[in-house]
Amino acid sequence: MEKLKRIQPKRQVMALIFMMVLSEVHSESIRYSVQEETEGGYFIAHLTKDLGMGTGELAARSAQVLSDDYKQHLLLDPQTGDLLLRETLDREELCGPAEPCVLHFQVFLEMPVQFFQGELWIQDINDHSPTFPDREVLLKILENSQPGTVFPLQLAEDLDVGSNGLQKYTISPNSHFHVHTRNHSEGKKFPDLVQDKPLDREEQAEYRLTLTALDGGSPPRSGSVMVRILIMDVNDNAPEFVHTPYEVQVLENCPLNSPILSVLARDMDAGNFGSVSYGLFQPSDEIKQTFSINKATGEIRLQKKLDFEKIKSYDVEIEATDGGGLSGKGTVVIEVVDVNDNAPELSITSLTSSIPENAPETVVSIFRVGDRDSGDNGKMICSIPDNLPFVLKPTFLNFYTLVTDGPLDRETRAQYNITITVTDLGTPRLKTQHTITVLVSDVNDNAPTFTQSSYTLSVPENNSPALHIGSVSATDSDSGTNAQLTYSLLPPPHDPLPGLASLVSINADTGQLFALRALDYEALRAFEFRVRATDRGAPPLSGQARVRVRVLDANDNAPFVLHPLQNASAPCTELLPRAAQPGYLLTKVVAVDADAGQNAWLSFQLLQASEPGLFSVWAHSGEVRTARPPGERDAPRQRLLVLVRDNGQPPLSASVTLHVLLVDGFSQPHLPGPEAAAERAQADPLTGPLVVALASVSSLFLCWLLLFVALRLCGRSGRAALPGCPAPEGPFPGQLLDVSGAGTLAHSYQYEVCLTGDSGTGEFKFLKPLFPNLADLETGGEPRDNPTCRNSSVFS
């Protein structure tokens, strides 16, 4: 028995699906019977067999037994399917005088939901004897009472019903009276004392008779009361009530000591025989506790709270007695009117406290509602707040199902407090609220998202290995392991970067990026790759971002001189006509710098010169020009040292040496100076003559070669004649010398050289540089040729 008492209804843990609305409900009730006072644990029926189910099916479907009166009178063993009595039942306590006594219950199956209606009939046994309210009854009878007069006596009460209830009355044998059992419309049996012979007070003034009440049980039970009969003098008018029966309605919440109504009886006698007093006639304990009557005025008042749910009406017998002992009987029917004094009740049958997000329609709870009031006071409306993704569905009788209204999103809301409100339709309306907390469990449905779709990082070249160059960061709206991120590198999809793993690495936990080796701006100015963040969900989700790393230039390359070359076997000598004017362009130092930006901005400076005031170097272009006309006293051979410096910090520089030979014209042989010849003559006696001979032959060959080239250039057909360069006589066309401005100038410059052949001496014309047209540069076109020439110098 202790094991059976410990069996409790199981709570549903897994979510029921929405097909609960299609669950089968059996309208035909299963009926069992049991005698009252049967001890708890009594076997009533084998439900598995009666419901047509297999062994263990009740346990598998989480079967429960629920009673309509919210009390658990029955037990169900799901393993065996046995329906047992939980406790000893008292029919009189459960049903009172009602017959039959039926206990309604439901068999509830959770998976899937199914209901069976059941009835347990409680059979009465003869366990109560008839009882009278008093131990002695006093009856006063006038001596002129006629035979056949009926005198109502106190009725006995028997809590049993049916054949076990009160059946008849008997009275001790005598010659003047006998008892008659009168059946009331409500099923009660009243004893009436019937007079058989005339009475004579002088002969016998008092009778003592025993009234016995018998029930129909086997064996029968009985109860008795002493009836004391006093023979009174003649009082020929008994009091009579003006109205009988009286009917009145009283609200169940009527306050104590409130007047119910007043009764009135009249007596035609005079004097003491005409004075009337009122009282309750043979009241039961319930009536005596609930009502009181004023003996003088007949006013009935309430002295105990009414409860419509327990007793709906009272039949109160009243008696009016005059001074001579005669009495009249009346009845007051008091009808209790229901008041909405009971709030609805709600009991949870099944509850699921956690639901995964993105799940389809899911059952959260199954519950039952009820109200002990009647009429509109017992009708109920069940509701939940409108702003929640849940709906209520009626299932069976007063059972409701709370289900989700579509998939939930934990990232939007992780917890719901659902308040179920049950309101009746009474006046005023009463309501009951019950709050259910539902947690939304996380599902990995959100991919990591980077704080930026693209990152741009900068790192100086020549950096130290393992230098931290920046970080990337991603977030995940999920929680727990679904939000734990791991970072990794990915090469760009369209332009894979070879050796990415040797350039950069990423901390898988923090997203910090590190340069693995020193970077060289001149070799790699920028590179791109992608970073992926992957969560630890199942399956894992990931997101990507683009990272561009720019290598910042450092001033680690000195300028490099392109012209004149310094590694030639013989130095390059520049020729300067003695007739050159100030600003004459002698040459242009062309240099480049492998760095970028201001680290590649070059400036030129004349450090040393044989004649400091003869030459000047333009700082930004590198052009070497004459500062004054050459004089007779200027040495024929000049040496210039030009410094090329960049704009970096610290600045780097390179130097170039220029050798300049002052000549009277291009016809003069390019011979070493007399000082050098003298030095060589002193060093070797044969050196001087050899040098002179070689110089003479070279000068003659050079002159003829220049003359031939000039004639060819000026005589080419189709070439437009340039100023100072006649077309018919000059066979040599003008040529353009392109000098790149990579390290020296901001743009490319072109110099045009013309030779004329109108005289025996060759004449070179250095034309002005052809500057690019600004409109052409803006549109991306090539610079146009400038046909204008300017005579820079003439060698004769």
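## Close-up views of a predicted model

**View 1. Here is the second largest pocket, lined by 32 residues.** Glu93, Leu94, Cys95, Glu309 and Lys310 are the lining residues nearest its centre. A pocket here is an open set of points, on a 1 Å grid over the protein atoms alone, where a 1.4 Å probe fits, with protein on both sides within 12 Å along at least five of seven lines; lining residues have an atom within 4 Å of a point. This is a predicted model, so local features need pLDDT of at least 70 and side-chain atom pairs count only at pLDDT 80 or more, while totals for chains, interfaces and linings use all residues. Residues are numbered from 1 along each chain as its sequence is written, and side-chain values use heavy atoms, with hydrogens and water left out.

The second largest pocket holds about 1200 Å³ of space, counted as the space filled by probe spheres set on grid points joined across faces, edges and corners. Its lining takes at least two residues from each of α4 (91-95) and β6 (101-109); helices (H or I, at least four residues) and strands (E, at least two) are DSSP runs, numbered from the N terminus. Sorted by class, that lining has 16 charged, 12 nonpolar and four polar residues. Asp, Glu, Lys and Arg count as charged, Ala, Val, Leu, Ile, Met, Phe, Trp, Tyr, Cys and Pro as nonpolar, and the others, Gly among them, as polar.

**View 2. Now for the largest pocket, with a volume of about 1600 Å³.** Its lining counts 44 residues, and Pro97, Leu155, Glu157, Glu186 and Lys188 sit nearest the centre. Elements giving two or more residues to this lining include β10 (166-171), β12 (189-195) and α5 (285-290). The top contributor is β22, with five residues. By class, 19 lining residues are nonpolar, 14 charged and 11 polar.

View 3. β16 and β23 run parallel, joined by six bridges. Leu251 has Val337, in β23, as its bridge partner.

**View 4. Last up is the largest nonpolar core, with 26 residues.** Such a core is a set of buried Ala, Val, Leu, Ile, Met, Phe, Trp, Tyr and Cys residues joined through side-chain atoms within 4.5 Å; buried means under 20% relative accessible area (1.4 Å probe, protein chains only). Phe450, Val472, Tyr487, Leu513, Phe529 and Val547 touch the most other members.

Notes
Pairing = 2+ DSSP bridges. Buried < 20%, exposed > 50% of the residue type's maximum accessible area, 1.4 Å probe, protein only.
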